Each structure stands twice: as C-alpha cells, then as structure tokens.
Amino acid sequence: MPSFDTVCDPDMVEVKNAVENSAKEIGTRFDFKGTSAAIELKDKEITLLGDAEFQLQQVEDILRNKMTKRNVDVRFLDKGTVQKVGGDKVKQVLKVRSGIESELAKKIQKLIKESKLKLQASIQGDSVRITGAKKDDLQAAMALIKKDVADVPLSFNNFRD
C-alpha cells in the first residue's frame, strides 16, 4: 500500500555550518570589534550573545542570512526570550525544531480525515505516516498539508509504492 511520512527534520550539518560561518563573520566585522557579540551551537540550541538587544538582532540577521544561503529553512528556529547576563550583556537562546509536536500531528491527522480523501493518517513518534490506495491521493494530501500547515517547515520522505 503506498505511503509517505510527514516529518520536521532540519539538516543539522548545514545548521552547524551556518553557525560556524556566522561566528567567523562576527569575528571579522568592524562593528563587532571589542564587543561581546558571539554565537554558539550546543546540541539543538543556538546561543546568541551581545552587549544589547540591538546587537542580538544583528547577530540573528547574520545567522538567518547564512542559513538561507545553505538552504536551511529559518522556520526551524524557535526564538527564546532575551535574558540579562552579568553586567550589561544579554543572551538569547534559539531552539532548532526537530520532530512534529503532538498538537501539530493531531492537526495533520484531522486535516487528512476531513479532506474526504481515501487515506489514513497515523502518528508514529515524531512523524505522521499517511497511507492510501492511490498515489494521486497521497500527492493531493502533500499539497493540502503544505497549504494548511505553513508555519512549520514540513518535509515528506519514505514515499513507497
């Protein structure tokens, strides 16, 4: 029976490369000389450091540009709150989304049921598997999911006949 999986998985190698390129640019830019502007990646969290919120915004812009150049969707980033760190320095943590949250998985499942297509959607861990008899229905489901769930960078894999 034909099926495919709906997943939310960033290419962590490209994310790491984008962070390293951003750090390199921050180190060489004249307007960041003598400041505490920095960026680092640990597991699936990117930490931005700076002297002020304005500087954090500049560092984030650099990161977004580098991610876009490496074909990594910036919707994978979940912004945290700006926190004050000793003195007048600030930091912000950006989480890299991975996997589909249960709310979103239920929304996708409901969307497929309401679409009147002859398909079944089942939640499997952090992905949603959609099965059906016809490939055309599966492709229609992909288009429907892309249209209705635009705020999360979903991708489709394991397409099987």
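This is a predicted model: local features need pLDDT of at least 70, side-chain atom pairs count only at pLDDT 80 or more; totals for chains, interfaces and linings use all residues.
Visitor: Which residues touch the most other members of the largest nonpolar core?
Guide: The largest nonpolar core has 40 residues. Elements that give two or more residues to this core include the helices α1 (12-28), α2 (53-69), α3 (102-114) and α4 (135-148). The members that touch the most others are Ile46, Ile130, Ile145 and Leu154.

Visitor: What is isoleucine 130 in contact with, leaving aside its neighbours within four places in sequence?
Guide: Isoleucine 130 is among the core residues that touch the most other members. Outside its sequence neighbours, its contacts include Pro2, Ser3, Phe4 and Thr6.

Visitor: Are α1 and α2 parallel, antiparallel, perpendicular or oblique to each other?
Guide: The axes of α1 and α2 are 9 Å apart, and the angle between the helices is about 135°. Angles over 145 degrees count as roughly antiparallel and those from 65 to 115 as roughly perpendicular. The pair α1 and α2 is therefore oblique.

Visitor: How do the residues of the contact of α1 with α2 divide by class?
Guide: α1 passes α2 in a right-handed crossing. From α1 the contact uses Val15, Ala18, Val19, Asn21, Ser22, Glu25 and Ile26, and from α2 it uses Val59, Ile62, Leu63, Lys66 and Met67. By class these residues are eight nonpolar, two polar and two charged.

Visitor: Is the crossing of α3 with α4 left-handed or right-handed?
Guide: α3 and α4 pack with their axes 11 Å apart and at an angle of about 130°, and are therefore oblique to each other. The hand of the α3 and α4 crossing is right-handed.

Visitor: How many charged residues are in the contact of α3 with α4?
Guide: α3 passes α4 in a right-handed crossing. In that contact, α3 supplies Lys107, Ile108, Leu111 and Ile112, while α4 supplies Ala141, Leu144, Ile145 and Asp148. Six of the residues are nonpolar and none is polar; the number of charged residues is two.

Visitor: Is aspartate 43 buried or exposed?
Guide: Aspartate 43 is found in the loop between β2 (38-42) and β3. Its phi is near 50°, a positive value in a residue other than glycine. Because exposed means over 50% relative accessible area, aspartate 43, at 73%, counts as exposed.

Visitor: What is the phi of lysine 116?
Guide: Lysine 116 lies in the loop between α3 and β6. With a relative accessible area of 74%, lysine 116 is exposed. Although lysine 116 is not a glycine, its phi is positive, at about 65°.

Visitor: Is serine 127 buried or exposed?
Guide: Serine 127 is placed in strand β7. Not counting residues up to four places away in sequence, serine 127 touches Thr6, Val7, Ile100 and Ser122. Its relative accessibility is 11%, and since the cut-off is under 20%, serine 127 counts as buried.

Visitor: What distance separates the C-alpha atoms of lysine 89 and serine 36?
Guide: Lysine 89 is in strand β5 and, at 38% relative accessibility, is partly exposed. Beyond residues up to four places away in sequence, lysine 89 touches Ser36, Gly50, Asp51, Gln83 and Lys84. Lysine 89 and serine 36 are 53 residues apart along the chain, and their C-alpha atoms are separated by 7.6 Å.

Conventions:
Residues are numbered from 1 along each chain as its sequence is written. Side-chain values use heavy atoms; hydrogens and water are left out. A nonpolar core is a set of buried Ala, Val, Leu, Ile, Met, Phe, Trp, Tyr and Cys residues joined through side-chain atoms within 4.5 Å. Buried means under 20% relative accessible area, exposed over 50%, partly exposed in between (1.4 Å probe, protein chains only). Helices (H or I, at least four residues) and strands (E, at least two) are DSSP runs, numbered from the N terminus. Contact means heavy atoms within 4.5 Å. Axes are lines fitted to C-alpha atoms, for helices over the stretch in contact, and angles run from 0 to 180 degrees between N-to-C directions. Angles under 35 degrees count as roughly parallel, over 145 as roughly antiparallel, 65 to 115 as roughly perpendicular and the rest as oblique. A crossing is left-handed if the near helix is turned anticlockwise from the far one by less than a right angle, and right-handed if clockwise. Ala, Val, Leu, Ile, Met, Phe, Trp, Tyr, Cys and Pro count as nonpolar, Asp, Glu, Lys and Arg as charged, and the others, Gly among them, as polar.
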